Amino acid sequence: MNSASPLQVDESRDQPVFMAALLSRVKDEVEEELYGFTTDEIVKATCLAIFAAATDTTTVTLTWALALLVNNPLVLRKAQQELENHVGRDRKVEQSDMSNLVYLQAIIKETMRLYPAGPLSLPHESTEDCIVGGYTVPKGTRLLVNIWKIHHDPQIWTDPFEFQPERFLTSQKEIDVKGRHFELIPFGSGRRICLGSSFALEIVQFILASIIHGFDFQKQSTKPIDMTESPGLVNHRAGPLELLVAPRLLPHVY
Ligand code: HEM
């Protein structure tokens, strides 16, 4: 690894590119601030953490969203109608369309409520003795937050197991996923909240909009798609999602 490479700039954005910024930042740290690790180890571990945290979480969220939409064709039609109104059929979806797609945003929130990508968040450990909500938590206690359970709590959510994106346009309109409303925390909350949450929301919304705008999806049989989850750090589907796909735009748009 060439830690002496110049700080490259992405000219389209006039900002340093991530890898160059990381190399330059870590190189400037004095050794004792790297907790005994080398510069290369810090850079490699940071990249691995970001890849690991970013890839499965976004793909499972998209897969669950698609499965929910195919099992709920009226919701899918409504989302496609919204795309029809704001984008039409003569061009592809663009990033600038995203703010108009409020129903799609509600679909994504409802998907993350029902199938949070990290159902038990990540383990946290207390570094000091402390008292939280009246409970004494000794130093070194490991804590897992059961996000899945909170998202299905019948005291908070009516019909907690139903896919109802409309709730986020009506009764629960004010609730967002940014860690401020503790009833919906797919990205966690507080100082260790997911650092990719804004990026994740942008790409999940953009990809889902693009695929349901560009294609029609159907089940392979008349039975609903099996929505069994598999236990693990990331909330994968138990089985693959197999769908029939057909284009819905004019050929020149693809
Ligand atoms: C739908 C997509 C995603 C979901 C649902 C999600 C969810 C989460 C959750 C629940 C945590 C643990 C928060 C906590 O410890 O309290 C987390 C941590 C993290 N996420 Fe995400 N994530 C997503 C996408 C991404 C992306 C795209 C990136 C990077 C570009 C990313 C980077 C990270 C990192 C680095 C951490 C560790 C933060 C820390 O410990 O300080 N995530 N994420």
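Predicted model: local features only at pLDDT ≥ 70, side-chain atom pairs only at ≥ 80, totals over all residues.

Biologist: OK, which residues come nearest to the ligand?

Modeller: There are 20 residues around the ligand, and the nearest are Ser121, His124, Pro186, Arg192 and Cys194.

Biologist: How far is the ligand oxygen from the side chain of histidine 124?

Modeller: An oxygen atom of the ligand lies 2.6 Å from a side-chain N or O atom of histidine 124. For serine 121, an oxygen atom of the ligand is 3.2 Å from an N or O atom in the side chain. There's a backbone case too: a polar backbone atom of alanine 53 is 3.4 Å from a nitrogen atom of the ligand.

Biologist: Which pocket does the ligand sit in?

Modeller: The largest pocket. Helix 2 (39-71) and helix 6 (197-214) are the elements giving two or more residues to the shell around the ligand.

Biologist: Which of the elements gives the most?

Modeller: Helix 2, with six residues in the shell.

Biologist: How does the shell divide into nonpolar, polar and charged?

Modeller: 12 nonpolar, seven polar and one charged.

Biologist: Switching topic: how many aromatic pairs are there?

Modeller: The count is four. One of them is tryptophan 148 with phenylalanine 161, a tilted pair with 6.1 Å centre to centre and 55 degrees between the planes.

Biologist: What does that pair tie together?

Modeller: Parts that are 13 residues apart in sequence, because tryptophan 148 lies in helix 5 and phenylalanine 161 in the loop between helix 5 and helix 6.

Technical notes: Residues numbered from 1 in each chain as written. Heavy atoms only, no water. Near = heavy atom within 4 Å. Polar contact = N/O pair within 3.5 Å; in protein donor to acceptor, adjacent residues only side chain to side chain. 1 Å grid on protein atoms, 1.4 Å probe; cavity = no way out; pocket = protein on both sides within 12 Å on 5 of 7 lines; lining within 4 Å. Sits in = over half its atoms within 2 Å of the grid points. Helix = DSSP H or I, 4+ residues; strand = E, 2+ residues; numbered from the N terminus. Nonpolar A, V, L, I, M, F, W, Y, C, P; charged D, E, K, R; others polar. Phe/Tyr/Trp six-rings, centres within 6.5 Å; stacked < 30°, edge-to-face > 60°.
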